[in-house]
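Thanks for coming. Please look at the model first.

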Amino acid sequence: MSLEGEDIRWTSADGLDLYARSYGPADARLTVLCMHGLTRNHKDFEPMIAALPGQFRFIAVDVRGRGLSARDANPKHYSPATYVGDMAALLDHLKLDRVTLIGTSMGGLMSMLMMKTMPKRIRGVVLNDVGPVFEASGLERIASYTSDTEPKASWYEAAAAVGKIQADTFPDFGPDDWMALARRTFRELEDGRVALDYDPAITRTIGKVRPGLLTRIALWRLFKKMAGVPLLIVRGGTSDILSEKTAAKMISRHPDAELVTVPRVGHAPILDEPEAVNAIRLFLTKLESRA
């Protein structure tokens, strides 16, 4: 998939060259900042953007260490707090006073942090399969496959590898779907091999993450900061990261929240599924009418 868009390049506070891509009219009444998961990049959102109305402006980022953004020589900087600082620098660079956020997994955690650090700049938030509680089984699964960063010999092998890893997440995918997902998550090297499109150093701490009690308390307190804006939660029906119980509790603790579940999909929905597209379209249209 290739969508028409414009390149955005900006510099982080610590001097790193970063990349994002803008889709849709620059003078749109509603601008949406799209932030991907741990090992993904801006292309993760292209299926969703292609399925949504064209009046919105979408800015999809490559978080540092991913895609066309520079790798960081210091792996300690690969943290949500640093990424949020990069997003603030991007909004300043584009002179954007207020945006709506769509965050998948890690991008959702970034969204929660942004609601704490820059609440006046946020109109509303879409959290894609993430919340204050991360299920241990899902974290273990992610740790198991992110440790393999060896390049593949061809795009065919890359698609086969993605299909093997994500078979339970997307049970209805066929060969074309796996190839499309591989094209969004790998890049071709000069020697013709195909490598995952991120710095392997970003995965070093994944196996050390433990969803302990203190972490959960801190994240629920962080989630409380979301109460000031409308919230849409998208959950994969078979997600092993965001449980049905946690999603229900999030809805009960937020004054203006909606939940949509995407059936037969795990962590995380692509967001081009009909249920997700319809919910996001209605959510963005509602926010646009308030702009």
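For angles between axes, under 35 degrees counts as roughly parallel, over 145 as roughly antiparallel, 65 to 115 as roughly perpendicular, and the rest as oblique. The axes are lines fitted to C-alpha atoms, for helices over the stretch in contact, and angles run from 0 to 180 degrees between N-to-C directions.

This is a predicted model, where local features need pLDDT of at least 70, side-chain atom pairs count only at pLDDT 80 or more, and totals for chains, interfaces and linings use all residues. Residues are numbered from 1 along each chain as its sequence is written, and side-chain values use heavy atoms, with hydrogens and water left out.

Now the helices. Helix α2, residues 80-94, packs against helix α3, residues 106-117, at an angle of about 65°, and the axes are 9 Å apart. The two are therefore roughly perpendicular to each other. From α2, the contact (heavy atoms within 4.5 Å) uses P80, A81, Y83, V84, M87 and L91; from α3, it uses M106, L109, M110, L113, M114 and T117.

Next, the serine. S22 is in strand β2, residues 17-23. Is S22 buried or exposed? S22 has 7% relative accessibility, so it counts as buried; buried is under 20% relative accessible area, exposed over 50%, and partly exposed in between, with a 1.4 Å probe and protein chains only.

Neighbours within four places in sequence aside, S22 contacts G5, E6, I8, R57, F58 and I59.

How values were computed
Helices (H or I, at least four residues) and strands (E, at least two) are DSSP runs, numbered from the N terminus.
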